[in-house]
Amino acid sequence: ETAKDWWQTAQFYQIYPRSFKDSDGDGIGDLNGITSKLEYLKDLGITAAWLSPIFKSPMVDFGYDISDFFDIQAEYGTLEDFRALIKRAKELDLKIVLDFVPNHSSNESEWFQKSVRREKGYADYYVWHDGKLDSTTGKRQPPTNWLQYFRGSAWEWNEERQQYYLHQFAVQQPDLNYRNPLVVEQMKRVLRYWLNEGVSGFRCDALPPLFEVLPDGDGQFPDELVSGATEDTDDRNYLTTTYIENQPETIDMVYQWRAVLDDHQRIHGGNSSVLLIETYSPAWFTMQFYGNRSTEGAHLPFNFNLITVMEQKGISAASVQEAIDLWLKNMPAGRTPNWVLGNHDKRRAASRYGTEHIDGMNMLVMILPGVSVTYQGEEIGMTDGEISWEDTVDPWGCNSNPDIYEQYTRDPERTPFQWTGGSNAGFTNGSFTWLPLAADYETINVERELSDGLSHLKIYKALVALRNSSKTLQNGSTKYQALSEDVFVVQRSLANSAIVLVINFGSVAKSVDLSKFDKNRTESMLLLIRSIDSTKKEGTQYDPKALSLDPSE
Ligand code: ISL
């Protein structure tokens, strides 16, 4: 057993900077706010934090539309503030990972402005096309029927250049052209720049749309087919995404970024830095990001199966088993698995799974082998905010209408972090918050949960502490099984020790016979049950033949 590198046993935590902590009273989270809360993360046992984008941006997509990849958004702070954050993190031995948004820039980026004007070196920085003429009306039409993620066409006419440009996200997020070597090199410069500022790696945004299919000999792209997934012709699910997602060149680009990171370490020394890949793709594509026999790729392509499988099939022991199988049975040998319950694009875990399941799900991701990733607020069981149409700011929501926006908007999972039960949940000293608070902040907040006996936060802390210290959880073998429709069990074991998690997803009490699950090892088990520090203490004696579980325990 070779020693594990820091990222292989990391406890990652996603910070959404706009909503984490405001230090200057403007109602918008900022870097100094984050720095002031690094001790909180340390106290939780977090070992690495990933920050959603902090770069200069007109904030159409709240930082995922970057106008200067080498500068900090002024409302979040300055480069000096960022350096202070990195310095404090180093003192606390916390790794900081930045968001890398390679697919597109903001339309306010200098690169795009120059490209519109066809300036030398920039003319082909983006994906430009003349479009086509409708044979009957003679009118100009977009080159293809391709749809953007945020509803509507993926092509926008530019009056000045007299061409269409491709945008797989909002109109204000033109897609960079990765078939242009200048773009490829420019984006590697971005990686090197922030590595030199002391970051420990990158979460790479939106990989599926990085490349599109090559045009034919006449420069024409193919139309997508009607997929049948929805009747709504603006919804991306109306069409297939065969030509605009998951192209093989995308995998190779990630391998090139990995080489940038490894080269940096070879030249400058220090710890390894990581690549985390955001992709909602089928396993055959996702797993390639890890690398192959000859080339290293990303350290961790995110595993979203505990989100996506359960969105489709609901919460049950069987769907949990399916989600775990989907990763562990497809992952190439020798790679590190990971487990994600939520992020800033998905409904809050506590709202999606039900508040009664949040402790069980946190236990699950922390007992499973490899890395777990927590989205800010999951540790206290934050729930979705209720955001009216009038208050809606997410472009995906705004591109719909008052009747259907709730299907699309991502505002509910982005409400300000709940530090206290006081004014504006302790998020800001000012009176304004950029999104309304979730209604439950007076009961669900850090201050209260740190003092309450059996809170989500206390359970979370106990779990992370166990994970960080337990060789069985770090190196042990893994066995898991749905014992019935409701009861799921995971066992990690190393030599003579075993840690077992039993979850009852059902709404009635259950008696479970664990001896069927593992005949040989029913004695020295440390059982993790929801009531980790109250009635059922670690190491308490249980009858493995008749373990009683309360509903949702
Ligand atoms: O949100 C999604 C599923 O719920 C995805 O379709 C999402 O749009 C996709 O995974 C890309 O997301 C990332 O890039 C977007 C940005 O809006 C998201 O916040 C980010 O996570 C564009 O940069």
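Modeller: A residue is called buried if 20 or more other C-beta atoms lie within 10 Å of its own, exposed if 12 or fewer, and partly exposed in between, with C-beta atoms placed from the backbone. The model is a predicted one, in which local features need pLDDT of at least 70 and side-chain atom pairs count only at pLDDT 80 or more, while totals for chains, interfaces and linings use all residues. Residues are numbered from 1 along each chain as its sequence is written.

Biologist: Why is Ala 84 called partly exposed?

Modeller: Ala 84 has 15 C-beta neighbours inside 10 Å, and because partly exposed covers the counts between those for exposed and buried, the term applies. Ala 84 is found in helix H3, residues 79-91, where helices (H or I, at least four residues) and strands (E, at least two) are DSSP runs numbered from the N terminus.

Biologist: What makes strand E15 mostly covered?

Modeller: Five of the five residues of E15, residues 371-375, are buried. Val 371, Val 373 and Tyr 375 lie on one side, and Ser 372 and Thr 374 on the other. In a regular strand the side chains alternate between the two faces of the sheet.

Biologist: How do you know that E1 and E15 pair?

Modeller: Two strands pair if DSSP finds at least two bridges between them, and E1 (residues 11-15) and E15 have four, in the parallel sense; Gln 11 has Ser 372 as its bridge partner in E15. Strand E14 (residues 338-340) also pairs with E15 in the parallel sense, over three bridges, and Asn 338 stands opposite Val 371.
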